[in-house]
Amino acid sequence: MDGCVFCQIVAGDLPGHLVLETDDLVAFLDTRPLFKGHVLLVPRTHLVTLPDLPAAQRDGFLAAAQRLATAVKDALGAQGSFLAINNTVSQSVPHLHLHVVPRTKGDGLRGFFWPRTKYADGEAAAYAEKLRDALASG
């Protein structure tokens, strides 16, 4: 869809630190992560909300979410993960996306007031590579 940032990343028209690609899905690092390694999982097809996701893609979407949740623990040393989907309200990009956020006890994430961080130069590429490696071996 014209103007959709995520569609442009999926198409390769905008850069993104990709960590997973399938026929139906792409996962890449969030450019404004809650914590480093924060991944967004999106369908290749432009869909706005979870209810728009075709039934035939639900299992693949959830399977990819499971793989990513495991990868952030294995690759980044997180103790767990936080997964979330916003539908319309608080959805900064109107393209279905699932957040996979690495978590560690005492990391400061409280409720829904989330601090944002930034990657240093070259750091996002290193995080993406770690996650790709974990996904390839798992």
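This is a predicted model: local features need pLDDT of at least 70, side-chain atom pairs count only at pLDDT 80 or more; totals for chains, interfaces and linings use all residues.
Reader: Happy to look at this with you! At what angle do helix α2 and α3 pack?

Author: Helix α2 covers residues 55-76, and its axis lies 9 Å apart from that of α3. α2 passes α3 in a right-handed crossing. The packing angle of the two helices is about 115°.

Reader: Which residues of α3 make that contact?

Author: Let's take both sides of it. From α2 come Arg67, Leu68, Ala71, Val72, Ala75 and Leu76. Facing them, α3 supplies Tyr127, Lys130, Leu131, Ala134 and Leu135.

Reader: How many nonpolar residues does the contact of α2 with α3 have?

Author: Two residues are charged and no polar residue takes part. Arg67 belongs to the α2 side and Lys130 to the α3 side. The nonpolar count is nine.

Reader: Which strands does helix α3 lie across?

Author: Helix α3 spans residues 123-137 and runs at about 30° to β1.

Reader: What is the strand order of the open sheet?

Author: The sheet has five strands with antiparallel pairing. Neighbouring strands are turned by 20° against each other on average, direction ignored. The order is β1-β2-β3-β5-β4.

Reader: What is the bridge partner of leucine 25 in β3?

Author: Strand β2 takes in residues 25-29, and β3 takes in residues 39-43. These two run antiparallel and are joined by five bridges. For leucine 25, the partner in β3 is proline 43.

Notes. Residues are numbered from 1 along each chain as its sequence is written. Side-chain values use heavy atoms; hydrogens and water are left out. Two strands pair if DSSP finds at least two bridges between them. Helices (H or I, at least four residues) and strands (E, at least two) are DSSP runs, numbered from the N terminus. Axes are lines fitted to C-alpha atoms, for helices over the stretch in contact, and angles run from 0 to 180 degrees between N-to-C directions. Contact means heavy atoms within 4.5 Å. A crossing is left-handed if the near helix is turned anticlockwise from the far one by less than a right angle, and right-handed if clockwise. Ala, Val, Leu, Ile, Met, Phe, Trp, Tyr, Cys and Pro count as nonpolar, Asp, Glu, Lys and Arg as charged, and the others, Gly among them, as polar.
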